[in-house]
Amino acid sequence: MMYRFKTLFELEINKTAASKEIGVSREYLTDVLNGKKDCSKILAYCITKYINPNAEIRDLFYEIRED
């Protein structure tokens with residue numbers, strides 16, 4: 001199962017700092033946050049907790065079912 005970021009709101013984070021802390025390239029993180037690429041559940045979790053430690057994955061991501 002993959003996850004797609006909800007692009008329904010403006011997000012202002014330092015993508016360079018976020019990518020270093022999360023452990024992915026800045027380019028990949030930017031693509032995920034812009035809804036251009038889907039990501040794994042663990043990456044969705046890491047991004048969610050980086051943005052808001054109190055949020056749940058479903059608050060920021062859609063589940064994409066692969067058939």
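The legends below describe close-up views of a predicted model, in which local features need pLDDT of at least 70, side-chain atom pairs count only at pLDDT 80 or more, and totals for chains, interfaces and linings use all residues. Residues are numbered from 1 along each chain as its sequence is written, and side-chain values use heavy atoms, with hydrogens and water left out.

**Figure 1. Overall arrangement of the chain.** The secondary structure comprises four helices and two strands, in the order β-α-α-α-α-β from the N terminus. The radius of gyration is 11 Å, close to the 11 Å given by the globule rule for 67 residues, so the chain is as compact as a globular protein of that length. Helices (H or I, at least four residues) and strands (E, at least two) are DSSP runs, numbered from the N terminus; the radius of gyration is taken over C-alpha atoms, and the globule rule is 2.2 Å times the number of residues to the power 0.38. Along the principal axes, the C-alpha atoms fill a box of roughly 35 × 25 × 20 Å. Of the 67 residues, 30% are buried, where buried means under 20% relative accessible area, exposed over 50%, and partly exposed in between (1.4 Å probe, protein chains only). Among contacts (heavy atoms within 4.5 Å) between residues at least 6 apart in sequence, 58% join residues at least 24 apart.

Figure 2. Within α1 (residues 15-22), Ala 18, Ser 19 and Ile 22 are buried. These residues lie on the same side of α1 because they cover an arc of only 100° around the axis, the arc being that of the directions from the helix axis to the C-beta atoms. Lys 20 and Glu 21, on the other side of α1, are exposed. The partners against which the buried residues of α1 pack are α2 (26-33) and α3 (41-51). At the start of α1, a side-chain oxygen of Asn 14 comes to within 3.0 Å of the backbone nitrogen of Thr 16. Gly 23 follows the helix and has a positive phi, near 95°.

**Figure 3. Surroundings of Ile 22.** Ile 22 belongs to helix α1 and counts as buried because its relative accessibility is 18%. Apart from neighbours within four places in sequence, Ile 22 is in contact with Leu 43, Cys 46, Ile 47 and Tyr 50. Ser 40 is 18 residues away from Ile 22 along the chain, and the two C-alpha atoms are separated by 13 Å.

**Figure 4. Helix α2 and what covers it.** Leu 29, Thr 30, Val 32 and Leu 33 are buried in α2. They are on the same side of α2, since the arc that they cover around the axis is only 160°. The elements covering these buried residues include β1, α1, α3 and β2. Just after α2, Gly 35 adopts a positive phi of about 75°.

**Figure 5. The largest nonpolar core.** This core, a set of buried Ala, Val, Leu, Ile, Met, Phe, Trp, Tyr and Cys residues joined through side-chain atoms within 4.5 Å, has 14 residues, of which Tyr 3, Cys 39, Ala 44, Ile 47 and Phe 61 touch the most other members. At least two core residues come from each of β1 (2-5), α1, α2, α3 and α4 (57-60). Not counting residues up to four places away in sequence, Ile 47 touches Ile 22, Leu 29, Val 32, Leu 33 and Phe 61. In soluble globular proteins, nonpolar side chains tend to be buried together.

**Figure 6. Pairing of strands β1 and β2.** Four bridges join β1 to β2 (residues 61-64) in the antiparallel sense; two strands pair if DSSP finds at least two bridges between them. Tyr 3 and Phe 5 form the covered face of β1, whereas Met 2 and Arg 4 form the uncovered one. Glu 63, in strand β2, is the bridge partner of Tyr 3. Glu 63 is partly exposed, with a relative accessible area of 43%. Leaving aside neighbours within four places in sequence, Glu 63 is in contact with Met 1, Met 2 and Tyr 3.

**Figure 7. Asp 38 in the loop between α2 and α3.** Asp 38 is located in this loop, and its side chain is joined to that of Arg 4 by a polar contact of 2.7 Å. A polar contact is a pair of N or O atoms within 3.5 Å; within protein, one must be able to donate a hydrogen and the other to accept it, and residues adjacent in sequence count only if both atoms are side-chain atoms. Beyond four places in sequence, Asp 38 touches Met 2, Tyr 3, Arg 4, Tyr 28, Val 32 and Ile 64.
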